[in-house]
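Trainee: I would like to go through this model step by step. Where should we begin?

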Amino acid sequence: QYLASHHDKTFVYNFKLLSGAAGLVYGYTAFVPVALWAALKWFGSSGATLGERDSGISLIECWALYGYANVIWIPVALISWSPVAVLNYVFVALGFAVSAGFLTRNLWPVVSVTEAKVSRVLVIAVVGLHAGLAIAIKFLFFAAGPAATKTKGDAPPADGAGESVVRALMGM
């Protein structure tokens, strides 16, 4: 009850942002590992297989790796409802650092099998795409403004910055 209403402020739920965030995270986690696995196959990483177990990474393992790397966004989402904007940036940056470090540490043995230049490009691409995810998460979903707003009669709350960006991207 404390979170639902506090003094003259009530908590406003925005399920459009929730479904947009879920689509972004699930889409990223579904398609980026496939692209990485295909790149590893293309550039000759002997371990990039569909499911057979050998020295490299299978497509299933690639999906699992990205799934585990994105688990950090759950606690980041839970603590990013802080009214202090600087703390929210710090939380997102820490989430990015932890997940990108996890990906890099676990992908490097597989990626390093390819040529040195290719392996560097692949790791930079993985970290760059992950940075894009973190930036999208911050500005599309955690920049929507405070969830608790003062109630003024029956007027609906104004759209947050994140929702307007989501509407523009989805053509709504």
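**Burial, fold and confidence**

Mentor: Of the 172 residues in the protein chain, 32% are buried. The model is predicted, and the protein chain has a mean pLDDT of 78, with 68% of the residues at 70 or above.

Trainee: In what pattern do helices and strands follow one another along the protein chain?

Mentor: The protein chain holds 6 helices and 3 strands. Read along the sequence, they give the pattern β-β-α-α-α-α-α-β-α.

Trainee: Which element of the protein chain has the lowest confidence, and which the highest?

Mentor: The lowest mean, 47, belongs to strand β3 (residues 148-150). At the other end, with 92, is helix α2 (residues 59-69).

Trainee: How many contacts beyond near neighbours in sequence does the stretch of residues 147-151 have in the model?

Mentor: This stretch has a pLDDT below 50. Where pLDDT is low, the predicted coordinates should not be read in detail. With that caution, the number of contacts in the model for residues 147-151, beyond near neighbours in sequence, is 15.

Trainee: And how many does the stretch of residues 153-157 have?

Mentor: Residues 153-157 also have a pLDDT below 50. Beyond near neighbours in sequence, their contacts in the model number 2.

Trainee: What share of the contacts with a separation of 6 or more comes from residues 24 or more positions apart?

Mentor: The count takes in contacts of the protein chain at a separation of 6 or more. Of these, the share from residues 24 or more positions apart is 64%.

**The surface**

Trainee: Which helix gives the largest share of the nonpolar patch?

Mentor: The patch consists of Y68, V71, I74, L78 and I79, which together have about 540 Å² of accessible area. The largest share is 3 residues, and they come from helix α3 (residues 73-79).

Trainee: Is V71 buried, partly exposed or exposed?

Mentor: V71 sits in the loop between α2 and α3. Its relative accessible area is 44%. Buried would require under 20% and exposed over 50%, so V71 is partly exposed.

**Helix α4**

Trainee: Is S99 buried or exposed?

Mentor: S99 belongs to helix α4 (residues 85-111). The relative accessible area of S99 is 1%, and the cut-off for burial is under 20%, so S99 is buried.

Trainee: With which side chain does the side chain of S99 make a polar contact?

Mentor: A polar atom of the S99 side chain lies 3.3 Å from the backbone oxygen of F96. Leaving aside neighbours within four places in sequence, S99 is in contact with A69, I72, W73 and H130. The side-chain partner in the polar contact, at 2.7 Å, is H130.

Trainee: Which residues does N88 touch, not counting those up to four places away in sequence?

Mentor: N88 is another residue of helix α4. N88 is buried, with a relative accessible area of 6%. The residues touched by N88, with that exclusion, are I79, S80, W81, S82 and K138.

Trainee: What distance separates the C-alpha atoms of A100 and Y66?

Mentor: A100 is in helix α4 and counts as buried at 8% relative accessibility. A100 and Y66 are 34 residues apart along the chain, and their C-alpha atoms are separated by 9.8 Å.

Technical notes:
Residues numbered from 1 in each chain as written. Predicted model: local features only at pLDDT ≥ 70, side-chain atom pairs only at ≥ 80, totals over all residues. Heavy atoms only, no water. pLDDT = per-residue confidence, 0-100. Helix = DSSP H or I, 4+ residues; strand = E, 2+ residues; numbered from the N terminus. Contact = heavy atoms within 4.5 Å. Patch = residues over 30% accessible without salt bridge, like charges linked within 9 Å, V, L, I, M, F, W, Y side chains within 5 Å. Areas by Shrake-Rupley, 256 points an atom, 1.4 Å probe, with all protein chains shown as cover. Salt bridge = Lys/Arg side-chain N within 4 Å of Asp/Glu carboxyl O. Buried < 20%, exposed > 50% of the residue type's maximum accessible area, 1.4 Å probe, protein only. Polar contact = N/O pair within 3.5 Å; in protein donor to acceptor, adjacent residues only side chain to side chain.
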